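Here is a friendly walk through a protein model, with the main points grouped by topic. Keep the structure open beside you as you read.

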Amino acid sequence: MILENISILNFKNIVSANVNLSPKMNCFLGQNGMGKTNFLDAVYFLSFCKSALNALDSQVISHDKDFFMMEGLYQAENGDKEQIYCGMKRGQKKHFKRNKKEYKRLAEHIGLLPLIMVSPSDVSIIDGGSEERRKMMDIVISQYDHLYMAALINYNKALQQRNVLLKMEEEPDEMLLDIWERQMAEEGEKIFRKREEFVKKFIPVFNDIYSRICCKSEKVSMEYVSHGQRGALLDVIQRDRFKDRAVGYSLHGIHRDDLDLRLGGFPLKREGSQGQTKTFAIAMKLAQFDFLKNTNSHTTPLLLLDDIFDKLDAHRVEQIVKMVAGDDFGQIFITDTNREHLDKIMHHYSSDYKIFEVNEGNIIEKEK
């Protein structure tokens, strides 16, 4: 998938922009706070119907403005054009349209424009709680499997309803508890199997990419941990209903799934340096790219690289540069405050590229 042009109005500090893009490499240069990441977030928004950085849609509207709007013109591998529009007035719901036809459900859009974004916040996959690692799995799997997203929505609804019953002062209706527990188990089994299948295929891809970045000097591992591995999920959920009632929420289920990440056999969260942690996170994201490319009807995702070289030694930077400059990647968007990093990439890169300067929300194409 290629993003040929994007128009943006009133999105964060980007008041107005109309950018024609290279089908290969697009470099955005500027100091921190000038709008580079905001531009990438606009591209992300068009793929996922939401911001990567702001929980509330209203937070992306420029200060003192009443609406935001963006429109992207894409070209698919088969040559078909896709026009994607998103707009929202303050205090109203957002509207998403594909080729001028509005979606009834935003979930129908997810996966049409596969995308992987690599950013400094990715270290939360390692440093953060288990919800960050579940979110990583959910984002990837949802882009190629709509049934997974439906199961996730249904599971979370049942979990929420069960938790409401568990918090009640009086004894909850056992029949209602049973209904929600059975839905949790039914949908949870689907989610567990799909996560298990994903991780099994994902691990060798991740190991290969990490090894290439650090030239096989470090040994890393990843293991999926789930209550679904303990037997029939309904039995697991119902086994400690008394304890759940005492704490007021569900202690067992696939909402507790995690990934055990290790470096040299020890927990990465405890043993990894800043550079190793960042390398692990970048390798996970690049592995997601490779996985989606070979899973999602062989559609090449967009790759967004936001200020990824900070806290990495020169050797790792060089290996990542060589990797993304190769033929395995499609259209790439990269931001940096350091022109030298971008020049190094261009030195390895023989294909088409464009360089843009970003200053206070203004995006201007520069001479090469």
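The sulfur of Cys49 has its closest cysteine sulfur in Cys86, 7.2 Å away, and that is too far for a bond. A disulfide is a covalent bond between the sulfur atoms of two cysteines, and the count here comes to 0 disulfides. Please bear in mind that this is a predicted model.

**Cysteines**

- Cys49 counts as buried because its relative accessibility is 3%, under the 20% cut-off.
- Cys214 is also buried, at 4% relative accessibility.

**Aromatic pairs**

- The count of aromatic pairs comes to 16.
- One of them joins Phe11 and Phe68 in an edge-to-face arrangement, with 5.9 Å centre to centre and 65° between the planes.
- This pair links distant parts of the chain, since Phe11 belongs to strand E1 (residues 2-11) and Phe68 to strand E4 (residues 67-75), 57 residues apart.
- Phe11 is buried, with a relative accessible area of 0%, and Phe68 is buried as well, at 1%.
- Phe192 and Tyr224 make a stacked pair, 6.0 Å centre to centre with 25° between the planes.
- Phe192 sits in helix H5 (residues 174-214) and Tyr224 in strand E9 (residues 220-225), so their pair ties together parts that are 32 residues apart in sequence.
- Both Phe192 and Tyr224 are buried.
- Which residues do ring pairs link into a cluster? They are Tyr144, Phe198, Phe202, Phe206, Tyr210, Phe280 and Phe291.

**The largest pocket**

- Rolling a probe the size of a water molecule over the atoms shows where empty space is left.
- The largest pocket holds about 480 Å³ of space.
- Its lining is made up of 22 residues, and those closest to the pocket's centre are Tyr44, Ala52, Asp122, Lys135 and Ile139.
- Two or more lining residues come from each of these elements: helix H1 (36-48), strand E8 (115-118), helix H2 (124-127), helix H3 (130-142) and helix H9 (274-295).
- Helix H3 gives the most to this lining, with 4 residues.
- Sorted by class, the lining of the largest pocket has 11 nonpolar, 6 polar and 5 charged residues.

**The second largest pocket**

- The second largest pocket contains about 290 Å³ of space.
- Lining this pocket are Tyr44, Phe48, Lys50, Ile110, Lys135, Asp138, Ile139, Ser142, Met149, Leu152, Ile153 and Asn156.
- H1, H3 and H4 are the elements that give two or more residues to the lining of the second largest pocket.
- By class, the lining of the second largest pocket divides into 7 nonpolar, 2 polar and 3 charged residues.

**Positive phi angles**

- Most residues other than glycine have a negative phi, and most peptide bonds are trans.
- Lys12, which is not a glycine, has a positive phi near 55°.
- Lys12 lies in the loop between E1 and strand E2 (14-20), and it is buried, with a relative accessible area of 15%.
- Asp64 has a positive phi too, about 70°, although it is not a glycine.

- Phe67 lies in strand E4 and is partly exposed, with a relative accessible area of 35%.
- Leaving aside neighbours within four places in sequence, Phe67 is in contact with Leu9, Asn10, Ile61, Met88, Lys89 and Arg90.
- The C-alpha atoms of Phe67 and Lys216 are separated by 50 Å, and these residues are 149 residues apart along the chain.
- Asn163 is found in helix H4 (residues 146-166) and counts as buried, at 15% relative accessibility.
- Not counting residues up to four places away in sequence, Asn163 touches Gly248, Tyr249 and Ser250.

Conventions:
Residues are numbered from 1 along each chain as its sequence is written. This is a predicted model: local features need pLDDT of at least 70, side-chain atom pairs count only at pLDDT 80 or more; totals for chains, interfaces and linings use all residues. Side-chain values use heavy atoms; hydrogens and water are left out. Buried means under 20% relative accessible area, exposed over 50%, partly exposed in between (1.4 Å probe, protein chains only). Contact means heavy atoms within 4.5 Å. A disulfide is a pair of cysteine sulfur atoms within 2.5 Å. Rings of Phe, Tyr and Trp (its six-membered ring) pair if their centres lie within 6.5 Å; planes under 30 degrees apart count as stacked, over 60 as edge-to-face and the rest as tilted. On a 1 Å grid over the protein atoms alone, a cavity is a set of points where a 1.4 Å probe fits but cannot get out, and a pocket is an open set with protein on both sides within 12 Å along at least five of seven lines; lining residues have an atom within 4 Å of a point. Grid points are joined across faces, edges and corners, and a volume is the space filled by probe spheres set on the points. Ala, Val, Leu, Ile, Met, Phe, Trp, Tyr, Cys and Pro count as nonpolar, Asp, Glu, Lys and Arg as charged, and the others, Gly among them, as polar.
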